[in-house]
Amino acid sequence: MSREDQPPTGSPTIRTIAMPADTNPSGDIFGGWLMSQMDLAAGSVAALTSGKRSATVAVDAMIFHRPVKVGDEVSIYATLVRQGRTSMTIHVDTWRRPRASPLSEKVTEANFTFVALDEAGRPVPIAAGDNGQALAAEGL
């Protein structure tokens with residue numbers, strides 16, 4: 001089994017179960033639901049990195065590899081890949097594990113860009129070493 005066939009090591013940023021209310025008419029989980037879960041995971045890393053309010057400003061290279069089914073355990077791993085003056089790029093990988101199986105498979109991935117904001121909603125610089133940056137860099 002190659003490294004691409006195995007989830008990242010360490011704890012996922014978010015782990016949840018796909019439920020029937022999250023399905024499309026074909027019975028698969030909505031891509032929008034999955035994307036919102038990924039955005040939540042990336043937002044958690046952005047908050048840890050900046051120590052400030054942050055907002056999603058872009059999603060790049062969203063790739064849906066496989067569908068997610070009702071009952072699947074969904075594990076989302078988010079890792080800081082770039083930090084700019086006010087922005088952060090966070091790579092997010094999402095894996096599914098069928099309820100009765102020990103095997104996982106990657107279902108989607110994307111890069112999310114966040115900007116740190118002040119109380120008025122204006123971009124604000126992220127100081128080097130701000131709250132939890134080391135944790136965010138490790139994807140925690």
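**Exercise 1. In which strand does Thr-113 lie?**

Solution. The structure is a predicted model. Thr-113 belongs to strand S5, which covers residues 105–117. Its relative accessible area is 13%; because buried means under 20%, Thr-113 is classed as buried. Across the pairing, Thr-89 stands opposite Thr-113. Leaving aside neighbours within four places in sequence, the contacts of Thr-113 include Ala-55, Val-57, Asp-60, Met-88 and Thr-89.

**Exercise 2. Identify the residues that touch the most other members of the largest nonpolar core, and the elements that supply the core.**

Solution. The largest nonpolar core has 25 residues, of which Met-88, Ile-90 and Val-92 touch the most other members. Helix H1 (31–50), strand S3 (73–83), strand S4 (87–97) and S5 each supply at least two residues of this core. The largest share, 7 residues, comes from H1.

Consider Ile-90 in detail. Beyond its neighbours within four places in sequence, Ile-90 is in contact with residues including Ala-42, Val-45, Ala-46, Leu-80, Val-81, Phe-112 and Phe-114. As for S4 as a whole, 10 of its 11 residues are buried.

**Exercise 3. Examine the salt bridges and state which parts of the chain they tie together.**

Solution. The whole structure contains 9 salt bridges. Side chains of opposite charge can pair when their charged atoms come close.

1. Asp-72 and Arg-96 meet in a salt bridge (2.4 Å, N to O). Asp-72 lies in the loop between S2 and S3 and Arg-96 lies in strand S4, so the pair ties together parts 24 residues apart in sequence. Both Asp-72 and Arg-96 are buried.
2. Glu-73 and Arg-97 form another salt bridge (3.3 Å, N to O). Glu-73 is in strand S3 and Arg-97 in strand S4, so this pair also ties together parts that are 24 residues apart in sequence. Glu-73 counts as buried because its relative accessibility is 18%.
3. Lys-106 forms a salt bridge with Glu-109, their closest N and O atoms being 3.6 Å apart. Lys-106 is buried at 15% relative accessibility, and Glu-109 is buried at 17%. Salt bridges that share partners join Arg-66, Asp-72, Arg-96 and Glu-105 into one network.

**Exercise 4. Over which residues is the pLDDT below 50?**

Solution. The chain averages a pLDDT of 90, and 89% of the residues score at least 70. Over residues 132–140, however, the pLDDT is below 50. This stretch has 21 contacts in the model beyond near neighbours in sequence. Where pLDDT is low, the predicted coordinates should not be read in detail.

Methods
Residues are numbered from 1 along each chain as its sequence is written. This is a predicted model: local features need pLDDT of at least 70, side-chain atom pairs count only at pLDDT 80 or more; totals for chains, interfaces and linings use all residues. Side-chain values use heavy atoms; hydrogens and water are left out. Helices (H or I, at least four residues) and strands (E, at least two) are DSSP runs, numbered from the N terminus. Buried means under 20% relative accessible area, exposed over 50%, partly exposed in between (1.4 Å probe, protein chains only). Contact means heavy atoms within 4.5 Å. A nonpolar core is a set of buried Ala, Val, Leu, Ile, Met, Phe, Trp, Tyr and Cys residues joined through side-chain atoms within 4.5 Å. Two strands pair if DSSP finds at least two bridges between them. pLDDT is the predictor's confidence in each residue, from 0 to 100. A salt bridge is a side-chain nitrogen of Lys or Arg within 4 Å of a carboxyl oxygen of Asp or Glu.
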